[in-house]
Amino acid sequence: MAQNHRAVSRLQPWVDVENGLVSRDIFVDKSIYQQEQEQVFARVWLFIGHESQVPNPGDYFTSFMGEESVILTRDAQHQLHVFLNTCTHRGMKVCRYDEGNTTVFTCPYHGWSFACDGQLVGVPHDRAAYRGQLDRSQWGLVEVAQMATYKGTVWATWDADAPPLMTYLGDMRRYLDVLLDARDGSKGGSEILGGIQKWYMPSNWKFAAENFAGDGYHNISHRSVDLVGIGPSGRGRRDWERDDTLALNISIPEGGHSAMGFLQKEDYPFVPTYQNSPIVEEYARYCYEERQKRLGNDARMIGRVGTTFPNMSFLSRQPRSIAVWQPRGVLKTEAWRWYLVDKNAPEEVKDTLRHYYMRYSGPGGLTEQDDMENWNYASEASRGVIARRYPYNYQMGMGFEGRRDDWPGQISEGISEQNQRGFYKRWAELMAGTSWEALTAKAAKKGHNHGR
Amino acid sequence: MAVDQALGRITLEHLLLVREIEEFLYHEADLLDDRQFEAWLDLLTDDVRYWMPMRRNVKFDDQESENTRELQDMNWFDEGKETLTQRVRQILTGVHWAEEPLSRVSHMVSNVRLLQATPEEVQVKCRFLIYRNRQQDETDFFVGKREDTLRKVDGEWKIARRKVILDQNVLLAKNLTVFF
């Protein structure tokens, strides 16, 4: 029987955080998708790639910022840049390679060429065609408004008014550290395995982003993998260290970021991991001991997943990777996946991880194949005018949010949809055109109300 | 017997061997398309290598780096029998949602050529076209080249190595639940 109290006519506003409701329109409506490109993707900080992909002058890597093709370069002075991949003359892509090394990007259309610092350095028939009137300094490649790095990761935004990256990430940095620091607790030290997985998914990008933000509720999705046992110790999906640990959902309201983690009890004994490979098991034990020494109490945090708003998601522990959900239309997403290992890990460790990553993740991964099936047909079944009358339910754990002294953010224990609510709250604020000034002021006020 | 420039002086013996190998490949395709996944696993040697690289857009003079590297980089597949067996077992759980209900799949194999042949081992190259349809209208085509090493084990041909070159950069399908 239809429950009419839920059949609100097109939930307005789209996101009703107080009641834990989100309209299906935001996953299936083309005009909302277009507004999203302008209000969200053209404003926020977006993940571009990893510094280890462009170690030398002239190295480049083509990436995306939402729908926009961009080039990450390292210039002759070792400086990193992110440019819009389009000739300033007539728009042709100046780079159609995925990665490489070059001194100039020469447009295949009319031959304008640009150096790795973006400067226009070559114009065919310059004197005859432009009669000395072309001011080359005005026609270099379009560069992002801001670019910054954090522990090897490269980020950029088109909005000059956006706060600096460190402010934008805020307390999220603590949870990104769990991803980016070496397993032994030393700072940074991660590198990307060769080969970025790229594939299309027939669903709205937000399905993936919110799943990684904090969906600890979708165990049934992966029942088949739990039955088969693909984890690095031959059981389940990943090594199990959950006994006696506390599941935390962490929302960073100041930025709309989310993470999940397990907090071990104090004096929790070492739990063997990677038991299918003695060398990796030994490395994991070594890292565990070093981590305890380096991080002390902070070593108790075992990372799970997270989403840096809006579309940079990650698995910080097993399988350790970064995912970016590039919008390609309201019902299409181009997923990219970077896989991380400790730079200094023994080769056998890297190889075991590589096999595990392929077995678990991406379109060939036994686990994630089922995620994509769910996102695919959730999108499909939400398109109709009748379906769209019924908002999704995000009420799990409402009113049970709290704070802790040891880890930052708004924190809920156990299973909760707090993180998804935080994600959509920030999405709605940006869609409403809220200024960075107002967003920052709001965050400061909220911090005051909910201070430790 | 090197047979790659054999055109023009093809022997009857060679033709019979080509037919035998074709027959093996068509039988394999039938097993997969008839969803006899466990029987398909029996066609693989215990030390089988199954590799499908990802493919980059690279400059003309940089073609050797077009494919991700076996045993070194991330690939679409770079595995042995253990993982392939896990893939089959996953489908057989009946709760692998990406293949539940099962997709309708047809493997087309063509351009079969023997590159090397000894009585115990052949290297065979072919093209594949795999059609997948699931639910109502979800449809994928996977097209590319395959290079297999087949080895005689107890008098039967088995697949000892398979290299799959899929002609795609960004994977156009949402997943790779089919066997290549």
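Here is a friendly conversation about the predicted model shown above.

Colleague: At roughly what angle do the axes of helices H8 and H9 of chain A cross?
Modeller: Helices (H or I, at least four residues) and strands (E, at least two) are DSSP runs, numbered from the N terminus. Axes are lines fitted to C-alpha atoms, for helices over the stretch in contact, with angles from 0 to 180 degrees between N-to-C directions. H8 covers residues 278-295 and H9 covers residues 347-360 of chain A, and their axes come within 9 Å and cross at roughly 105 degrees. That makes H8(A) and H9(A) roughly perpendicular, the word for 65 to 115 degrees, with under 35 being roughly parallel, over 145 roughly antiparallel and the rest oblique.

Colleague: Which residues of H9(A) does H8(A) meet?
Modeller: Contact means heavy atoms within 4.5 Å. On the H8(A) side are A:Ile279, A:Val280 and A:Tyr283, and they meet A:Glu348, A:Val349 and A:Thr352 in H9(A).

Colleague: At about what angle do H2(A) and H11(A) pack?
Modeller: The H2(A) residues A:Ile32, A:Gln35, A:Glu36, A:Gln39 and A:Val40 meet A:Trp427, A:Leu430 and A:Met431 in H11(A). By class this contact has five nonpolar residues, two polar and one charged; Ala, Val, Leu, Ile, Met, Phe, Trp, Tyr, Cys and Pro count as nonpolar, Asp, Glu, Lys and Arg as charged, and the others, Gly among them, as polar. The two helices are roughly perpendicular to each other, with axes 9 Å apart and an angle of about 85 degrees.

Colleague: How many aromatic pairs does a search of the whole structure find?
Modeller: Rings of Phe, Tyr and Trp (its six-membered ring) pair if their centres lie within 6.5 Å; planes under 30 degrees apart count as stacked, over 60 as edge-to-face and the rest as tilted. Over all chains, the search gives 33.

Colleague: How far apart in the chain are A:Trp14 and A:Trp427?
Modeller: These two form a tilted aromatic pair, 5.8 Å centre to centre with 55 degrees between the planes. A:Trp14 is in the segment before strand E1 (15-16) of chain A and A:Trp427 is in helix H11 (residues 418-431), so the pair links parts of the chain that are 413 residues apart.

Colleague: Is A:Phe27 buried or exposed?
Modeller: A:Phe27 and A:Tyr424 form an edge-to-face pair, 5.9 Å centre to centre with 70 degrees between the planes. Buried means under 20% relative accessible area, exposed over 50%, and partly exposed in between (1.4 Å probe, protein chains only). A:Phe27 has a relative accessible area of 0%, so this residue is buried.

Colleague: Which ring does the charged end of A:Lys198 sit over?
Modeller: A charge sits over a ring if NZ of Lys or CZ of Arg is within 6 Å of the ring centre and within 35 degrees of the ring normal. For A:Lys198 the distance to the ring centre is 4.1 Å, and the ring belongs to A:Trp336.

Colleague: What is omega near for the peptide bond from A:Gln318 to A:Pro319?
Modeller: Most peptide bonds are trans. A:Pro319 is in the loop between E18 and strand E19 (321-327) of chain A. The bond from A:Gln318 to A:Pro319 is cis, with omega near -15 degrees.

Colleague: What is phi of A:His78, about?
Modeller: Most residues other than glycine have a negative phi. A:His78 lies in the loop between strand E5 (68-74) and strand E6 (80-84) of chain A and is partly exposed, with a relative accessible area of 47%. Although A:His78 is not a glycine, its phi is positive, at about 70 degrees.

Colleague: How many of the nine residues of H5(A) are buried?
Modeller: Among the buried residues of H5(A) are A:Met172, A:Tyr175 and A:Leu176. Helix H5 (residues 172-180) is largely enclosed by the rest of the structure, because its buried residues number seven.

Definitions and conventions:
Residues numbered from 1 in each chain as written. Chains lettered and ligands numbered in written order. Predicted model: local features only at pLDDT ≥ 70, side-chain atom pairs only at ≥ 80, totals over all residues. Heavy atoms only, no water.
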